[in-house]
Amino acid sequence: MSPRPKPVDAVIIGYGWTGAIMAKTLTDAGLSVVALERGPMRDTSPDFSYPQVADELRHGIRGEYWQPLARETVTIRHRLDQEAVPYRQYGSFVLGNGVGGAGTHWNGQQWRASPEDLRFRSHVLERYGAQAIGPDMTIQDYPVTFEELEPHFDHFEKVAGVSGRAGNLRGTLMPGGNPFEGPRSDAFPNPPVADIESSIRFARAARELGYNAFPMPAANASRAYTNPYGVRMGPCNLCGFCERFGCFLYSKASPQTTILPILKHRTNLEVRPNAQVTRILLDSDGKRAVGAAYVDEKGDLIEQRADLVILSAFQMHNVRLLLLSGIGEPYDPATGKGVVGKNYAYQMVSSVSAYFDKDVHLNPFIGAGAGGQQVIDDFNSDHFDHTGLGFIGGSLIFAGATGARPIEQMNLPPDAPRWGAGWKAAAAAHYGHSMSVATMGAVMSYRDAYLDLDPTYRDALGQPLLRMTFNWHENEYRLAAHANAKARSIVEAMKPKSIGVNLIKPGENYDVRRYQSTHTTGGAIMGADPATSVINRYSQSWDVPNLFVMGASAFPQNLGYNPTGLLAGLAYFSAAEIRDRYLKAPGPLVDA
Amino acid sequence: MVSGCAPSAAPQLDDREPQFFTRAEWRFVNAWVDRLIPPDATGPGAIEAGVPGFIDLQLAGPYGAGAYWYMSGPFHPDAPATLGYQHPHTPRALYRQAIAGLDADVRRRHGKAFAALSPDARDAYLKLVEADGVGLEGVSASAFFDLAWRNTREGYFSDPIHGGNRGMAAWRMVGFPGARADFTDWMDKPGAPYPLGPVSIGGRKFG
């Protein structure tokens with residue numbers, strides 16, 4: 001028999017960035033809130049303490065902060081006619097776990113979407129016509145505009161203490177910033193983190209070619225800073241342990257360093273770690289959520305009743321929980337009907353490495369996940385004319401180092417021996433003198449790229465794993481080749497001794513063995529029409545109006561940007577509407 | 001080399017007592033990683049760096065038991081390689097079965113154990129295994145090659161707290177400052193050679 005804790009006003013499933021944002025808003029409004037987090041409690045102290053945190057094997061390779069795949073993973077196949085097999089070891093992407101979620105071990109590359117990204121289908125049709133959209137592409141507009149989200153982007157940047165240089169301040173282009181960004185109502189709250197050597201070389205070469213290099217917007221505070229909630233952050237020292245690590249300096253924005261400190265003592269909030277939600281509970285007609293069922297650390301199945309349910313787990317887990325709970329019509333790739341699981345997308349990355357002589361000291365171990373890096377946005381979104389290029393969308397092109405961790409990030413020339421004395425000589429010769437220029441490109445959504453429940457494989461609790469059906473399409477190969485050629489021209493202008501190119505070639509399949517990006521998107525997309533989307537513009541479920549779904553699962557297709565800025569903006573946009581309208585009159589916020 | 005002794009084909013062993021490996025496996029693993037990263041003037045070889053002891057500790061612990069991998073069946077080892085590792089073997093099982101199979105295969109080919117082969121003969125055999133040129137019963141030799149090479153780099157470059165990278169010599173060779181993790185004093189001189197050596201989690205310091 002399931003013990004039943006006291007019902008509350010709202011239950012939050014997943015306590016990462018968006019869970020923390022919603023917990024703040026809902027407890028501010030006086031609601032009683034329970035936050036359920038599948039992983040353990042984690043905080044700067046003791047979990048991210050120096051020196052224990054500065055351990056590449058434990059965090060960067062074994063993934064102490066990641067979801068243990070032994071208990072639950074996903075299955076992956078390239079095509080509809082294949083049998084999917086489990087993602088048994090970490091490679092292509094890493095899944096967060098514990099309080100803070102993926103917001104604990106992210107890099108802090110903090111982007112807004114471009115205005116045209118949010119009305120992407122309409123924009124492409126207007127500028128390039130219907131033939132620019134492939135017959136199998138299922139791209140859609142967001143049901144919300146850049147102007148509507150801008151105040152929320154701005155607020156999140158202030159909460160996260162983002163360091164950067166404004167490029168478009170209320171319509172005025174600012175020197176040294178990103179000229180392609182949408183108009184911002186305010187500058188970044190902190191100036192850029194000091195540039196590192198590889199970025200300086202990249203920016204100089206990019207400017208020689210006429211491109212607009214600017215500092216990567218970084219959720220790494222460049223100075224002592226107090227955010228709008230009164231939480232204090234410390235200056236980043238470029239320690240090199242952002243990505244895959246927790247920050248021991250209170251410099252990298254995470255829920256722990258920006259929002260959770262003010263929630264800790266709220267009597268109307270209870271955080272329950274080690275609580276893995278297995279179902280969103282519905283009433284008998286399936287139109288109303290009544291809470292969430294979860295398995296606690298003792299293995300007991302508990303039902304937490306609530307009037308409002310916030311689903312704020314990682315993108316893939318949101319989709320899986322909707323499917324397991326029977327909420328919304330599952331997407332069927334044969335008919336194109338159904339919505340849950342539809343439009344799974346990813347990003348395609350490439351790089352061009354530069355190998356310098358021994359007298360060029362790049363000090364690649366000095367760096368942060370975002371701070372100190374330089375980037376160009378010239379070939380992203382629709383910032384350039386795509387006429388005749390044969391693809392839509394674009395890529396960020398950037399340089400920097402995220403720590404040069406020697407197990408994972410040893411960057412050797414392509415002709416270096418794979419092992420043996422030659423490998424060792426190459427490692428000794430190139431470690432301190434090589435760098436990469438990376439491209440990170442959008443992936444469109446397609447009829448045959450989607451998520452559903454696996455028919456065979458199960459998690460440790462006996463529930464079906466999520467199944468991913470995904471492969472590259474022509475648009476991505478072309479997009480990546482285009483960005484890679486630009487990156488190569490920049491690297492050549494840096495005049496290195498030699499160059500190495502890493503680019504996925506046309507026809508090559510998605511390879512899950514190599515880390516590429518954790519920017520997985522879609523599957524519970526937002527839209528203006530319940531026939532083609534899972535949630536409305538306020539992230540509210542069309543089918544179950546007292547359920548709101550946060551995160552990158554809402555993206556109708558992917559971007560050439562990191563997702564956190566956009567998903568945080570969407571969460572604050574939703575939170576404001578819940579506070580101002582929904583709580584006064586619970587019900588659909590948009591008429592279906 | 002001690003004067004007066006004939007040069008021996010087999011490398012010196014990591015001086016620790018293995019917890020997971022049998023003596024025969026221990027000789028094999030030492031001789032194997034000795035060729036993946038051989039000793040020379042550039043920097044430490046894998047044995048000097050303590051890689052065999054690192055791998056032994058890893059295999060004796062949860063990693064070796066497969067605690068970090070999803071290990072539920074069914075298994076489809078013939079799935080496309082791009083879909084990742086699909087063998088039914090935990091790291092322990094992969095090492096144990098592959099080493100037994102490979103050592104037997106070497107005895108058939110050369111009449112002696114792998115560890116008794118000359119360095120050149122061991123290099124040639126590693127290349128054969130890497131290229132999937134050795135078929136073993138019930139276990140993939142190339143999957144073993146890949147895992148052993150991955151674990152060797154882990155043991156070579158991880159913090160000494162895990163039992164490898166002795167004396168932080170591999171970090172010193174490439175110039176990685178380990179767990180130093182504070183570059184405030186170098187933020188205003190990005191292209192100048194960084195002067196300090198590595199720091200370990202255990203508190204050892206160079207420079």
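This is a predicted model: local features need pLDDT of at least 70, side-chain atom pairs count only at pLDDT 80 or more; totals for chains, interfaces and linings use all residues.

**Entry 1: two helices side by side**

I started with helix H1(A), where Trp17(A), Thr18(A), Ile21(A), Met22(A) and Thr25(A) meet Thr564(A), Leu567(A), Ala568(A), Ala571(A), Tyr572(A), Ala575(A), Ile578(A) and Arg579(A) in H13(A). "Meet" is about contact: the C-beta atoms of two residues, placed from the backbone, lie within 7 Å. Sorted by class, this contact has 9 nonpolar, 3 polar and 1 charged residues.

Residues are numbered from 1 along each chain as its sequence is written, while chains are lettered from A and ligands numbered from 1 in the order in which they are written.

Next I looked up the geometry. H1 (residues 17-28) of chain A packs against H13(A) at an angle of about 25 degrees, with the axes 10 Å apart. Axes here are lines fitted to C-alpha atoms, for helices over the stretch in contact, and angles run from 0 to 180 degrees between N-to-C directions. H1(A) and H13(A) are therefore roughly parallel to each other. The words go by angle: under 35 degrees is roughly parallel, over 145 roughly antiparallel, 65 to 115 roughly perpendicular, and the rest oblique. I noted their crossing as right-handed. A crossing is right-handed if the near helix is turned clockwise from the far one by less than a right angle, and left-handed if anticlockwise.

**Entry 2: H13(A) again, with another partner**

At what angle do the axes of H6(A) and H13(A) cross? I found roughly 110 degrees, for H6 (residues 146-159) and H13 (residues 564-582) of chain A, with the axes coming within 8 Å. H6(A) and H13(A) are therefore roughly perpendicular to each other. This crossing is right-handed. On the H6(A) side I listed Glu148(A), Leu149(A), His152(A), Phe153(A), His155(A) and Phe156(A), which meet Gly565(A), Ala568(A), Gly569(A), Tyr572(A) and Phe573(A) in H13(A). The tally for this contact is 6 nonpolar, 4 polar and 1 charged residues.

**Entry 3: sheets**

Then I traced an open sheet of 6 strands in chain A, in the order S7-S15-S16-S17-S14-S20, with antiparallel pairing. Two strands pair if DSSP finds at least two bridges between them. S7 (213-215) and S20 (498-502) of chain A are at the edges with a single partner strand each, so one side of each has no neighbour in the sheet. On average, neighbouring strands here are turned by 25 degrees against each other, direction ignored. I followed S14 (residues 347-355) of chain A to S20(A): 5 bridges join them, and they run antiparallel. One partner to find on screen is Gly500(A) in S20(A), bridged to Ser353(A).

Another open sheet in chain A has 4 strands in the order S4-S3-S19-S18, and its pairing is mixed. S3 (residues 74-77) of chain A pairs with S4(A) in the antiparallel sense over 2 bridges, and Thr75(A) has Pro86(A) in S4(A) as its bridge partner. I also saw H10 (residues 315-325) of chain A lying across S3, S18 and S19 (464-469) of chain A, at about 70 degrees to S18(A).

**Entry 4: a hairpin**

S11 (residues 276-282) and S12 (residues 289-295) of chain A run antiparallel and are joined by 6 bridges. Leu281(A) has Gly291(A) in S12(A) as its bridge partner. These strands form a hairpin with 6 residues between them, and Gly286(A) in the turn has a positive phi of about 70 degrees.

**Entry 5: the two chains**

I counted 13 helices and 21 strands in chain A, whereas chain B has 6 helices and 0 strands. Where they touch, chain A gives 54 residues and chain B gives 50 residues. H11(A) brings the largest share of chain A's side, 5 residues. By class, that side has 31 nonpolar, 12 polar and 11 charged residues.

Technical notes. Ala, Val, Leu, Ile, Met, Phe, Trp, Tyr, Cys and Pro count as nonpolar, Asp, Glu, Lys and Arg as charged, and the others, Gly among them, as polar.
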